[in-house]
Amino acid sequence: MSLKLKITLGVAVGLMLILFISFTFAYYMFIRVTTNGEADLLKEKARTLLLKDLPNHPEYWQDNSSMEELLIPQEMLRYIGPDSKVIYQIYSDETLIRYPVTYVNKDTITVETASDGIYVFVKMPVFKEGHQLATLEIGRSLRRLGQYADMLISVLLLTSTGTLILALIGGYFYTNVLFRPLQDFVCTMQNIEQSGSFRHINLPAKDTNDELVILGATFNRMIDRLQDMFQKQEQFLADASHELRTPLTIIESYASLLRRWAFHDEKLREEALEAIISESAQLKQLTQNLLSLTDVVRENCEQDVDFDLLPLVRQTAASLRMTSGREIDVELASEQQELLMSGDSYKIKQLLIILLDNALKYSQQKIIMHIELSEDHWVILKVIDHGIGIAEGDIPLLFDRFYRSDKARNRKQGGVGLGLAIALHIVQKHKGTIEIQSRLGEGTTVIVKLPTTCQ
């Protein structure tokens with residue numbers, strides 16, 4: 001059963017339940033108010049008769065003219081003795097005398113419901129000198145009220161039936177309108193599933209607070225994000241395949257050259273081996289960077305430990321200074337002896353190596369690493385070089401995987417375009433920010449801001 005049909009039936013059943021309760025209450029109140037009104041009239045009539053001093057005037061019953069003038073059609077008067085036998089009675093409706101005779105010692109109202117109508121009986125004790133002698137009973141047939149009650153039931157049934165039909169028809173068309181956006185959702189999702197392409201749900205031009213419109217807008221944003229991720233994944237696979245294919249092709253070519261010609265040519269053999277070793281190292285570096293990038297994406301500051309950043313920076317700079325033979329200066333904004341922060345010290349060291357290595361590749365002058373602690377307790381790292389710089393249009397793309405602003409120069413210098421992507425993820429996992437400022441021919445400054453705690 002579809003959700004639309006379930007809602008339609010649920011609304012119809014709920015409406016019928018409400019109508020049933022409402023109509024039952026209305027019917028009950030109609031009968032009760034009417035019978036109570038009739039009973040009050042009969043009590044007033046009984047009190048009027050008791051004022052006639054019935055025990056001392058039996059002639060009232062023998063000469064019915066004075067009593068019958070109090071009767072109306074479908075009414076009865078009975079004078080009942082202590083033995084529950086009728087002493088006197090007059091009536092205008094024979095159906096009233098079929099009901100049993102009872103002797104009571106207090107005011108009593110009885111309502112009887114039969115197939116031919118509703119009957120109301122009022123009984124009041126008759127006293128003489130403080131002693132009860134009899135019971136006066138007045139009965140009235142409310143046959144017309146029964147007819148009205150039957151008519152009311154018929155009207156209520158017809159109204160309920162009409163309401164049910166209108167509720168089903170109206171509910172069906174209303175749910176069609178209500179579920180039209182959901183049907184669009186389903187069709188769009190089915191098209192995406194069948195075609196494998198990303199599609200948007202058509203939304204009304206007018207911005208509303210309708211939950212379905214909000215759901216559609218959220219779905220469209222999700223589709224945009226999935227499409228962007230899918231395109232990045234495709235680009236990543238294409239770039240990775242290209243980067244892996246290049247060294248493998250070179251290795252294969254030199255291996256074939258070795259097998260055919262280099263056994264008897266020492267110079268050619270040395271050249272081939274050198275190329276194979278170089279490209280193998282390049283391939284190893286690419287694989288290691290891919291694995292490192294995957295680890296960074298999965299982790300979320302899991303190695304959250306306290307450490308002193310200053311010794312880590314000095315040791316990293318000293319190591320690269322020794323391996324590169326270049327000048328790397330570490331500058332502190334103040335004469336502080338330690339700079340405590342929490343996070344993954346291994347990843348922070350990897351971040352420093354990436355930034356310093358890039359600066360060394362694209363600059364032949366001194367590299368400066370500036371460190372300071374802001375007033376709001378953020379660590380600010382600046383890696384400054386005075387090298388070739390970066391074009392302004394390339395800066396927003398530098399953190400994309402495998403992106404190279406100068407592919408020939410980067411390839412020659414051994415880069416694979418993953419360093420800054422890894423750096424970005426390390427900074428993000430530590431809840432920080434990274435920014436690049438550069439001009440062609442003037443140099444580059446990389447600014448990293450890290451909180452003293454990554455939680």
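Begin by selecting helices α9 and α11, whose crossing is left-handed, the term being used when the near helix is turned anticlockwise from the far one by less than a right angle, with clockwise giving right-handed. In this predicted model, local features need pLDDT of at least 70 and side-chain atom pairs count only at pLDDT 80 or more, while totals for chains, interfaces and linings use all residues. Residues are numbered from 1 along each chain as its sequence is written, and side-chain values use heavy atoms, with hydrogens and water left out.

Helix α9 covers residues 345-361 and helix α11 covers residues 419-429; they pack at an angle of about 145°, with axes 9 Å apart. Axes here are lines fitted to C-alpha atoms, for helices over the stretch in contact, and angles run from 0 to 180 degrees between N-to-C directions. Helices (H or I, at least four residues) and strands (E, at least two) are DSSP runs, numbered from the N terminus.

To see how the two helices meet, show the side chains of K347, Q350, L351, I354, L355 and N358 on α9, together with G419, L420, I422, A423, I426 and V427 on α11, which make the contact (heavy atoms within 4.5 Å). By class, this contact has eight nonpolar, three polar and one charged residues, where Ala, Val, Leu, Ile, Met, Phe, Trp, Tyr, Cys and Pro count as nonpolar, Asp, Glu, Lys and Arg as charged, and the others, Gly among them, as polar.

Next select I434, which lies in strand β11 (residues 433-439). With a relative accessible area of 15%, I434 is buried; buried means under 20% relative accessible area, exposed over 50%, and partly exposed in between (1.4 Å probe, protein chains only). Leaving aside neighbours within four places in sequence, I434 is in contact with L355, F399, A423, L424, V427, V446, I447 and V448.

Now move to the open sheet, in which five strands follow the order β2-β1-β5-β4-β3 with antiparallel pairing; two strands pair if DSSP finds at least two bridges between them. Colour β2 (86-91) and β3 (108-114) separately, as these are the edge strands, each pairing on one side only. From one strand to the next, the twist averages 15°.

Within this sheet, select β4 (residues 117-128) and β5 (residues 131-142), which pair in the antiparallel sense over 11 bridges.

On helix α4, pick S160, which counts as buried at 10% relative accessibility. Apart from neighbours within four places in sequence, S160 is in contact with M16, L19 and F23.

Then go to L50 in helix α1 (residues 3-50), which is partly exposed, with a relative accessible area of 27%. Its contacts, neighbours within four places in sequence left aside, are M124, P125, V126 and L136. The C-alpha atoms of L50 and V126 are separated by 7.1 Å, although these residues are 76 apart along the chain.

Finally, zoom out to the whole protein, which has 11 helices and 12 strands, and in which buried residues make up 36% of the 455 residues.
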